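Have the viewer ready and follow along.

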Amino acid sequence: MGSLHAPFVANEGGYGKIDASKQEGGECAIDFSHDEESKKLLAYDHSKKECWEEEIVGTCSFWQATTNTVALLFGMGMLAVPYAAQQGGWTSLSLLLVFAAMSCYTGYLLGKCMKLNPQLLSYQDIAGSAIGMRGRFIFTLCLYVEILACLIGFAISIGDNLAQLFPALDIQIFGLHLKPSQFLLTVSLLIVSPTVLMRDLALVSYLSLGGVVSSLVVVGAVVWTGVFGGVGFTHTIPALQFGKWPLIVGLYAFCYSGQVIIPNIYSSMKDPSRFTSDNATVDTGDSLNAHRPNDLYSLMGEFSMQMLLVSFTIATIVYGGLAVMGAVMFGDQTLALITLNIPRDLTVGTVVLWTTVVTPLSKFSLGIAPIALELEGLLPFSFGPKTIVAAGSVIRLGLLFLILCVAIGVPYFGLALSFIGSAISIGMSVIFPCVFYLILHRRTMSKAHLMTNVLIIVAASAFAVIGTWSSATTAE
């Protein structure tokens, strides 16, 4: 969810829900569902199967899906990686590689889960098939918490960047002194509030296409500043500052927090087999197990030259390159928002600041929409359409106000991003996919595959606990 340009757009009837008409009178699509509730969730009407399968045929080519995945991975984490590299030393980039490898692997696991049943169209559907409908509800709640947390991160970055553009503001309202970042953030969210009330998000979603452009602008601005802006690449990155690693774990993890969208990209591909290839297989006589790798080495062989590996490699090279460039340019003065380091007297500095302000503004309506729709679904059936729309507007504005209050109360971008990455992103991007895969494939996986997933869960849990504690107890 760290992306500046991979919005959550709610489908009609709720976010990622299966049509009830496809659940009546059918059989469970896989016979090892978690419980009876999961069977109800996965059941569908076989008489409509042909029509339904035609509906979900993907249209994206391999390279289009790769582009979408790279765009998904480029987000707010890009702004913080130079700070992370400077704080932890150049050896801390090994954490970036670790999270890239784990997230790429768990993205592959999500694709394998979707191969079990064509009805699994979203991350929530995978959760429902693994842990039941009640578990699906809890997981969806965690997902929405992550969305809100990312929107809070967007809000903090907007306030900080605008304060850099207008540093001389001194605001007193009813005797209350507001920092420039707090006042400008409040004004920005007031301006964007009408878009939050929009129920047709088609127009707003086009704005998110600028996310890739904004990422390229940030990278280009840093390079330009170092080469032509008189800053140069003169500083040295410390080799190792291990004491800072607990604090920067979440920053690196946040870079790969877009896992919730991976199933949608899988569904969009014309040839999902290229999401992950299944060259190494074992003939077990079980059609559901026809593509199970026989050992860890064959499992790793499946990644060769496939969409996930290409996408994560590109993203990791860009992240790592930007981290090193930013750190050697600004040294100990590297800030958690690299855009704040670019001198204001350079035109490129002004351009990149406005770019990183305007682009996230489109995300509030897109991020709040699925949460608001879910809450609207809890309203009494006796409410008429106009009442529901009015109540929905209140819900949307209330969520926007909540984001504003938290962003003002927690004004440190670096700490906020580190906490989100450790407390939420590691679970959503690494731990949950492994758990769901273990549940759905528990009867068919090899021991080596089982141990791989268990080790990843243990390691990711340790990272999450250490990073969350450090970011929650550190005062910037």
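Predicted model: local features only at pLDDT ≥ 70, side-chain atom pairs only at ≥ 80, totals over all residues.

Residues are numbered from 1 along each chain as its sequence is written, and side-chain values use heavy atoms, with hydrogens and water left out.

**The whole chain**

The chain has 18 helices and two strands; these are DSSP runs numbered from the N terminus, with helices being H or I of at least four residues and strands E of at least two. Of its 476 residues, 55% count as buried, where buried is under 20% relative accessible area, exposed is over 50% and partly exposed lies in between, with a 1.4 Å probe and protein chains only. Among contacts (heavy atoms within 4.5 Å) with a separation of 6 or more, 82% are between residues 24 or more positions apart.

The table sets out two helix pairs; axes are lines fitted to C-alpha atoms over the stretch in contact, and angles run from 0 to 180 degrees between N-to-C directions.

| Helix pair | Angle | Axis distance |
|---|---|---|
| H6 (residues 123–165) and H16 (residues 385–409) | about 60° | 9 Å |
| H4 (residues 77–88) and H13 (residues 307–330) | about 55° | 7 Å |

With its angle of about 55°, H4 is therefore oblique to H13. Angles under 35 degrees count as roughly parallel, over 145 as roughly antiparallel, 65 to 115 as roughly perpendicular and the rest as oblique. On the H4 side, the contact is made by Gly 77, Met 78, Val 81, Pro 82, Ala 85 and Gln 86, and H13 supplies Val 318, Tyr 319, Leu 322, Ala 323, Gly 326 and Ala 327. By class, these are nine nonpolar, three polar and no charged residues. Ala, Val, Leu, Ile, Met, Phe, Trp, Tyr, Cys and Pro count as nonpolar, Asp, Glu, Lys and Arg as charged, and the others, Gly among them, as polar.

H6 and H16 are oblique to each other too, and H6 passes H16 in a right-handed crossing. Leu 148, Leu 151, Ile 152, Ala 155 and Ile 156 of H6 meet Leu 399, Ile 403, Val 406 and Ala 407 of H16. That contact has nine nonpolar residues, with no polar and no charged ones.

**Aromatic rings**

The structure holds 12 aromatic pairs. Rings of Phe, Tyr and Trp (its six-membered ring) pair if their centres lie within 6.5 Å, and planes under 30 degrees apart count as stacked, over 60 as edge-to-face and the rest as tilted. Tyr 123 and Phe 139 are edge-to-face, at 4.7 Å centre to centre with 65° between the planes. Tyr 123 is buried at a relative accessible area of 0%, and Phe 139 is buried at 2%. Phe 139 also pairs edge-to-face with Phe 436, at 5.5 Å and 70°. This second pair links distant parts of the chain, 297 residues apart, with Phe 139 in H6 and Phe 436 in H17 (residues 413–440). Tyr 123, Phe 139, Phe 432 and Phe 436 form one aromatic cluster.

**A threonine in H13**

Which residues does Thr 316 contact, leaving aside its neighbours within four places in sequence? They are Leu 96, Leu 97, Ala 100 and Tyr 256. Thr 316 is found in helix H13 and is buried, with a relative accessible area of 13%.

How values were computed:
Left-handed = near helix turned anticlockwise from the far one by under 90°.
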